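Here is a short report on one protein model. Keep the structure in view as you read.

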Amino acid sequence: MAALALGLAGTAIVVVPSMTAQANTADLVVDYACQQGIATSGSGTVYLRTKLTVPTTLNVGDPLTVAWKLNYKDATRFGSPARLPNGGRIEVTGRVNLTGSWIGQLQPKGSVDQPGAMIKGTPLKLPDGIADFAYTDREGTLTVKPGKLFVDFRPPASEVMVNDDDSAITYSGGWENLEGQPSGDNDYHLDLHRTTAGGAWASLTFTGTGVDYVAQRDRRAGPIDIDVDGQPGTPPRIDPSTNDDGTPVNDANKGGQTLWKFHGLKYGEHTITIKNVEDGKWGQLDAFRVVTRELANPPQEYRAECTLISAPVAVQVTIGGGTNSSPSASVEPSQSPDSSPSPDSSASPSGSASPSASPTPSQSPSGGNQSPSPSPSPSASPSPAAAQTQNYVVTAVVTQGSPSPTATRTVTLTATPSVAQVAITPQGGAQTGEAPERVSSSGMLLIGSGGALLMIGMLSGVAMLRRRAAHSGERG
């Protein structure tokens, strides 16, 4: 039982939370007016009402988190800059200037994907909020002042078919709209435009990075010239009456064919124009396919710039003293548990100690070579028999989906391993943890009595032997 009690006492650890701290915050309502870019393709000037949340008091080691909630102020809206089959993405970036103890800038960011297909001018959805943070590593006072907001639009990678009867296509005179074509011809939407007039043209202004020309291959068709943005395309002329290898086409009304394509344009607005070359030959248009490749960055021409229109505001942030710890969810001891007598593990005169990556205090098997715990004052010396105490600092940073203030809590946990209550005395037989009993005075009396009896027995034996010798001499 004594050995079992010792094992349980050696593993007992008491963890007690001593304090919980949460930063105070300030909420500011800030209005903006946005112009250019997707503001122009929407309402022209777009007004935003935002709420800025900034902490006013922090401890060293707490994150300085700045968050914005975003909303439209009135009926004005950003608008889709182009026709898109599957939406796009709004990306908002803010500017927050820091002056005082620090000089720098935070850049809160946020984004939201737009649902569904859009035409030019479709109202765009804003992200719920944006946020950014910086670590605090020293005391001081900061002035936090909100700056401009920038709203970007990133179109998705896509392919859009523009049918020949789409209002976005402009035709010169001499074209015929042919509806209800046989399904076997494979025309897009079972229709197409046709002309036999030399010089007749059709034009489409599109937004993207490439375009395809779709029409029939037919032995009755003639050459077609193609321009892009007023310059000859590559190649500048095609002939739908021939195959790709230049051999004549024997088919008639073979629709749905991509006769020409040009990709690799810079993303933006472009114009393609096709023109029938020979009078009496068929010039045909089934559709244009507009291509947009995946973009690494939002187009600069879509950026809207938002300027503060409410009264200038600023927030004073006071960063006070506190446990200088890393703002993570990890647990770090305030003193290295290494039992070696290195300078890093010794207590400093101020009572601070170097942090260690290991959260578990180690003990020397002999119990006599442990490094002392950091004492609250230079004069305090640890007693060898006293229980060792390790202090831990837990700093939790909670990141929320909405740009509400980040909750930062600092908890100090004290781990006190208890000390064995029974000392092992390795005397006698097995190490049971108990010392053998002391010899009492009654034991000594018993030993003396036994010795006296032994002497009497020996004297009696000698006397008996002498008597036997005397009797044997008389007989002889």
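## The whole chain

Among contacts in the protein between residues at least 6 apart in sequence, 77% link residues at least 24 apart. A contact here means heavy atoms within 4.5 Å. The model is predicted: local features need pLDDT of at least 70, side-chain atom pairs count only at pLDDT 80 or more, and totals for chains, interfaces and linings use all residues. Residues are numbered from 1 along each chain as its sequence is written, and side-chain values use heavy atoms, with hydrogens and water left out.

The protein has two helices and 25 strands. These are DSSP runs, numbered from the N terminus: helices are H or I with at least four residues, and strands are E with at least two. The protein holds 476 residues, and 37% of them are buried. Buried means under 20% relative accessible area, exposed means over 50%, and partly exposed lies in between (1.4 Å probe, protein chains only). The protein exposes about 26000 Å², and carbon and sulfur atoms supply 53% of that area. Such areas come from the Shrake-Rupley method with a 1.4 Å probe; for residues, only the protein chains shown count as cover.

## Strand E10 and its partners

Which strands pair with E10? Strand E6 (residues 89-100) does, in the antiparallel sense, over eleven bridges. Two strands pair if DSSP finds at least two bridges between them. Across this pairing, glutamate 91 stands opposite aspartate 152 of E10.

E10 also runs antiparallel to strand E22 (residues 315-320), joined by five bridges. There, leucine 142 faces valine 317 in E22. Strand E21 (residues 304-308) is another antiparallel partner of E10, with three bridges. Phenylalanine 150 has glutamate 305 in E21 as its bridge partner.

## The nonpolar cores

The largest nonpolar core has 46 residues; Ile38, Leu48, Phe78, Leu149 and Val317 touch the most other members. A nonpolar core is a set of buried Ala, Val, Leu, Ile, Met, Phe, Trp, Tyr and Cys residues joined through side-chain atoms within 4.5 Å. Several elements give two or more residues to this core, including E6, E10, E21 and E22. A second, separate core has 23 residues, among them Trp175, Ala200, Leu204 and Ile274.

What does leucine 149 touch? Leaving out residues up to four places away in sequence, its contacts include Tyr32, Leu48, Trp68, Val92, Ile130 and Cys306.

Three bridges join E14 to E19. Histidine 193 stands opposite leucine 285 in E19.

## Backbone details

Leucine 190 is in the loop between strand E13 (176-178) and strand E14 (192-195). Its phi is near 55 degrees, a positive value in a residue other than glycine. Leucine 190 is partly exposed, at 36% relative accessibility.

Aspartate 229 is not a glycine either, yet has a positive phi of about 55 degrees. This residue is in the loop between strand E16 (224-228) and E17. Aspartate 229 is partly exposed, at 39% relative accessible area.

Where is proline 235? Proline 235 is in strand E17 (residues 231-238). A cis peptide bond joins threonine 234 to proline 235, with omega about -5 degrees.
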